[in-house]
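Got the sequence and the model up on your screen? Here is a quick walk through the fold, to be read with the viewer open.

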Amino acid sequence: MRILHTMLRVSDLEASIRFYCEVLGMKLLRRQDYPGGEFTLAFVGYGNEADQAVIELTYNWGRSEYNLGDGFGHIALGVDDIYTTCEQIKAKGGKVVREPGAMKHGSTVIAFVEDPTGYKIELIQLSTHESSQNRELSGSIK
């Protein structure tokens, strides 16, 4: 088994596709209208769906607002240079809602951005994340 995709209902499909593709650097992998159900699905990601998990953006025709609820947390993306990535996101019109810095009660460097619908995307500095995972693993082996 493996994770195939995460589905997000979006209020503006075009703005969401622009955000995930132009701001976060994903590719639009496929898009399909379903007139009978009055919805459109767009799949975005960093690679082929056969090899990697992707995000399914679901637009229900005529729906312009969603209550995001308090159960959903965030999507996490690993990045090589979190500071540069956040500056690039801002330059492309993206909204950084938590600037890069060490996570509370840890050393992993994280930041948060928000998509046009209000979903949170956590950016994780890969070098600090991998270091903290290695420390946790070595501590649990004892």
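This is a predicted model: local features need pLDDT of at least 70, side-chain atom pairs count only at pLDDT 80 or more; totals for chains, interfaces and linings use all residues.

The chain has 3 helices and 8 strands, and if you read along the sequence they come in the order β-α-β-β-β-β-α-β-β-β-α. The C-alpha trace spans about 55 × 35 × 30 Å along its principal axes. Of the 142 residues, 39% count as buried. Take the contacts between residues at least 6 apart in sequence: 49% of them join residues at least 24 apart.

**Helix H1**

Start with H1, which covers residues 13–23. How many of its residues are buried? The count is 8 of the 11, so the helix is largely enclosed by the rest of the structure. The buried ones are Leu 13, Ala 15, Ser 16, Ile 17, Phe 19, Tyr 20, Cys 21 and Val 23. After the helix comes Gly 25, which has a positive phi near 80 degrees.

In soluble globular proteins, nonpolar side chains tend to be buried together. Here the largest nonpolar core holds 27 residues, and those touching the most other members are Leu 8, Tyr 20, Leu 24, Ile 55, Leu 57, Ile 121 and Leu 123. Elements giving two or more residues to this core are H1, E3 (39–45), E4, E5, H2 (82–91), E7 (109–114) and E8 (120–125). H1 supplies the largest share, with 6 residues.

Setting aside neighbours within four places in sequence, Ile 121 is in contact with Phe 19, Tyr 20 and Leu 24, with Ile 75 and Leu 77, and with Ala 111, Phe 112, Val 113 and Asp 115.

**The largest pocket**

The largest pocket has about 170 Å³ of space. Two strands, E4 (54–60) and E5 (75–79), each give two or more residues to its lining. E5 gives the most, with 4 residues. The lining includes Thr 6, Met 26, Tyr 46, Gln 52, Ile 55 and Leu 77. By type, the lining residues split into 8 nonpolar, 4 polar and no charged.

Thr 85 sits in helix H2, while His 74 is in the loop between E4 and E5. The contacts in the table leave out residues up to four places away in sequence.

| Residue | Relative accessible area | Contacts |
|---|---|---|
| Thr 85 | 18% | Val 79, Leu 123 |
| His 74 | 38% | Phe 112, Lys 120, Glu 122 |

Why does Thr 85 count as buried? Its relative accessible area is 18%, and buried means under 20%. His 74, at 38%, is partly exposed.

What links the side chains of His 74 and Glu 122? A polar contact of 2.7 Å joins them. His 74 also has its C-alpha atom 6.8 Å from that of Tyr 119, although the two residues are 45 apart along the chain.

Definitions and conventions:
Residues are numbered from 1 along each chain as its sequence is written. Side-chain values use heavy atoms; hydrogens and water are left out. Buried means under 20% relative accessible area, exposed over 50%, partly exposed in between (1.4 Å probe, protein chains only). On a 1 Å grid over the protein atoms alone, a cavity is a set of points where a 1.4 Å probe fits but cannot get out, and a pocket is an open set with protein on both sides within 12 Å along at least five of seven lines; lining residues have an atom within 4 Å of a point. Grid points are joined across faces, edges and corners, and a volume is the space filled by probe spheres set on the points. Ala, Val, Leu, Ile, Met, Phe, Trp, Tyr, Cys and Pro count as nonpolar, Asp, Glu, Lys and Arg as charged, and the others, Gly among them, as polar. A nonpolar core is a set of buried Ala, Val, Leu, Ile, Met, Phe, Trp, Tyr and Cys residues joined through side-chain atoms within 4.5 Å. Contact means heavy atoms within 4.5 Å. A polar contact is a pair of N or O atoms within 3.5 Å; within protein, one must be able to donate a hydrogen and the other to accept it, and residues adjacent in sequence count only if both atoms are side-chain atoms.
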